[in-house]
Amino acid sequence: PSSSGISSNIDPRDIKDKSYLQNAIRKMVTYLKSHGYRDASALSVKQLVNGPSGRDFQNIMTFLFRRVDPTFHQQPPTPAGGGKQQQQQQQ
């Protein structure tokens, strides 16, 4: 802890280092494949280093959340500004 009582933990991982990033992604893909992720065969390290598609990211995160909480259900996306529109339509 610092003198103010707040601990300042510095993350030692160099996420800007390409070889570190590729290794981390390789480990993640291996984990997904070994734990039954249905679209694992379509994943490539090169594709994920450049950034997964929105759908791939969403599917991977949903899979990981369900590993922690099997009852997790993703909420459907709301349209931009949809909260107010939906409320008005319901009235």
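Predicted model: local features only at pLDDT ≥ 70, side-chain atom pairs only at ≥ 80, totals over all residues.
**Exercise 1. Lys18**

Solution. 
Step 1. Along the chain Lys18 and Val49 are 31 residues apart, and their C-alpha atoms are separated by 8.5 Å.

**Exercise 2. Helix H1**

Task: Compare the span of H1 with the expected one, then find how its buried residues are arranged around the axis.

Solution. 
Step 1. H1 has 17 residues, and 24 Å is expected at 1.5 Å a residue. From its first C-alpha to its last, H1 reaches 24 Å, close to that value.
Step 2. The buried residues of H1 are Ile25, Val29 and Leu32.
Step 3. These buried residues fall within an arc of 60 degrees when seen down the axis of H1, so they line one face of the helix. The background is that an α-helix has 3.6 residues a turn, so residues three or four places apart point the same way.
Step 4. Lys27 and Ser34 are exposed on the other side of H1.
Step 5. The cover over the buried residues of H1 includes H2 and H3.
Step 6. Just after H1 comes Gly36, with a positive phi of about 85 degrees.

**Exercise 3. Helix H3**

Task: Carry out the span and arc analysis for H3, and name the elements its buried residues pack against.

Solution. 
Step 1. The 15 residues of H3 should span 21 Å at 1.5 Å a residue. The end C-alpha atoms of H3 are 21 Å apart, which agrees.
Step 2. Asp56, Ile60, Thr62 and Phe63 are the buried residues of H3.
Step 3. They cover an arc of only 160 degrees around the axis, which puts them on the same side of H3.
Step 4. Exposed residues Gly54 and Val68 sit on the face of H3 turned away from its buried side.
Step 5. H1 and H2 are the elements against which the buried residues of H3 pack.
Step 6. For one of these residues, Thr62, the relative accessible area is 10%. With neighbours within four places in sequence left aside, Thr62 is in contact with Phe72 and Gln74.

**Exercise 4. The largest nonpolar core**

Task: List the residues of the largest nonpolar core and state which element gives the largest share.

Solution. 
Step 1. The core has nine residues in all: Ile25, Val29, Leu32, Tyr37, Ala40, Leu43, Leu48, Ile60 and Phe63.
Step 2. H1 and H3 are the elements that give two or more residues to this core.
Step 3. H1 provides the largest share, three residues.
Step 4. Take Leu32 as an example of the contacts. Not counting residues up to four places away in sequence, Leu32 touches Tyr37, Ala40, Leu43, Ile60, Phe63 and Leu64.

**Exercise 5. Aromatic pairs**

Task: Find the aromatic pairs of the whole structure and classify their geometry.

Solution. 
Step 1. The search of the whole structure gives two aromatic pairs. Such a pair is described by the distance of the centres and the angle of the planes.
Step 2. The ring centres of Tyr37 and Phe63 are 5.3 Å apart, and their planes lie at 70 degrees, so this pair is edge-to-face.
Step 3. Tyr37 lies in the loop between helix H1 (18-34) and helix H2 (45-49), and Phe63 in helix H3 (residues 54-68), so the pair ties together parts that are 26 residues apart in sequence.
Step 4. Tyr37 and Phe63 are both buried.
Step 5. Phe65 and Phe72 form a tilted pair, at 5.0 Å centre to centre and with 50 degrees between the planes.
Step 6. Phe65 is partly exposed at a relative accessible area of 42%, and Phe72 counts as partly exposed at 25%.

**Exercise 6. The chain as a whole**

Solution.

Technical notes. Residues numbered from 1 in each chain as written. Heavy atoms only, no water. Phe/Tyr/Trp six-rings, centres within 6.5 Å; stacked < 30°, edge-to-face > 60°. Helix = DSSP H or I, 4+ residues; strand = E, 2+ residues; numbered from the N terminus. Buried < 20%, exposed > 50% of the residue type's maximum accessible area, 1.4 Å probe, protein only. Expected span 1.5 Å × (residues − 1). Arc of directions from axis to C-beta. Contact = heavy atoms within 4.5 Å. Core = buried A, V, L, I, M, F, W, Y, C linked by side-chain atoms within 4.5 Å.
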